[in-house]
Amino acid sequence: MEKLKIKHFMPSIKQVKDMIIHEVTYFDKHSHTRFKVTSRLLPHKGTWINFWRATPYKYKWTQEEEEILPQHYKDRCKEFMTRDPIPVHWRPDTRRYRVDEDTGERIPIVNAAIPIVYPQECNTGLWGGEGIIFGYYRKIDRKRQKRLPTLPRIWRPCLTKRVLYSEILDRWMSITITKRTLYLIDENFGLDFYILKTHEVDLCSKLGITLKREMLLALARKSMYPDDPVKRDKIYNRYKEFVIPEEEAEWIGLDTHVAVEKAQKQIAEKSKPVPLKDLYLVELVKRLQLKATS
């Protein structure tokens, strides 16, 4: 199991209640931690994080950069920042109301997600949506029949390294994963189906999105197994439901600065000046063709 060195802070019980009930934001950037507690009140352009939506990375850009980025890339970024992930550490109650046993009063049910911290280490592995939870617990002294003071506690995912194989990439990879990730891979019948079927929000990993981009590019270009066309067609037919255009696949999961550089490069290539001699040469060839036909 790989140990994580985590410098953490622990808010007080009053601050936790304020964040849950009154939506107060504490520790925008705490001086004693590597993690940022973000909210939907971010002053940056291109950020749409929900209040309880914790992410290991986020997309943000300026107004000038937004004009040159392609629309499909911005739509994916917005969906990543606003979409709620599949609950992992808690189960939502599907009922709208619950009945109080003592008074019989109907009380509306509020599904509040557990605040989860995603460290930078989860971007180098596949954690299956798991993260680190900061909480409190209270012990009972059975001999003295009294409750002890409330104590802080940290719940960490159980990490292990496994060697996984990708059919599309034809590659063996040593990846840090959790038991939940192994279960999801078995449930989807392989690493490729798990990566392609799972949304970027639920992958919650830069490594997972990078693998997804490489797989989609290989399917769009049909570049897998260049020396075995029979197996290439077999693999392509197996995953053809996930094929998207190459122009969209090469933008999936790119960091904002990389996407901006890519967009600027494409604009520079399109607006590259053409020498007049080339234009005159094309015009001369067209005139000669018209004379020959007439």
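So, E200 is buried, at a relative accessible area of 8%; buried here is under 20%, exposed is over 50%, and partly exposed sits in between, with a 1.4 Å probe and protein chains only. Quick caveat: this is a predicted model, where local features need pLDDT of at least 70, side-chain atom pairs count only at pLDDT 80 or more, and totals for chains, interfaces and linings use all residues. Residues are numbered from 1 along each chain as its sequence is written, and side-chain values use heavy atoms, with hydrogens and water left out.

What does E200 pair with? One partner is R76, in a salt bridge at 2.8 Å, N to O; by salt bridge I mean a Lys or Arg side-chain nitrogen within 4 Å of an Asp or Glu carboxyl oxygen. That pair links distant parts of the chain, 124 residues apart, with E200 in helix α6 (200–203) and R76 in helix α3 (71–82). Helices are DSSP runs of H or I, at least four residues, strands are E runs of at least two, and numbering goes from the N terminus. R76 itself is partly exposed, at 33%.

E200 also forms a salt bridge with K212, at 3.9 Å, N to O. K212 is in helix α7 (206–221), so this pair ties together parts 12 residues apart in sequence. K212 is buried too, at 8%. Through shared partners, R76, E200 and K212 end up in one salt-bridge network.

Overall, the structure has 10 salt bridges. Another one is D93 with R95, at 2.9 Å between the closest N and O atoms. There, D93 is partly exposed at 27%, and R95 is partly exposed at 48%.
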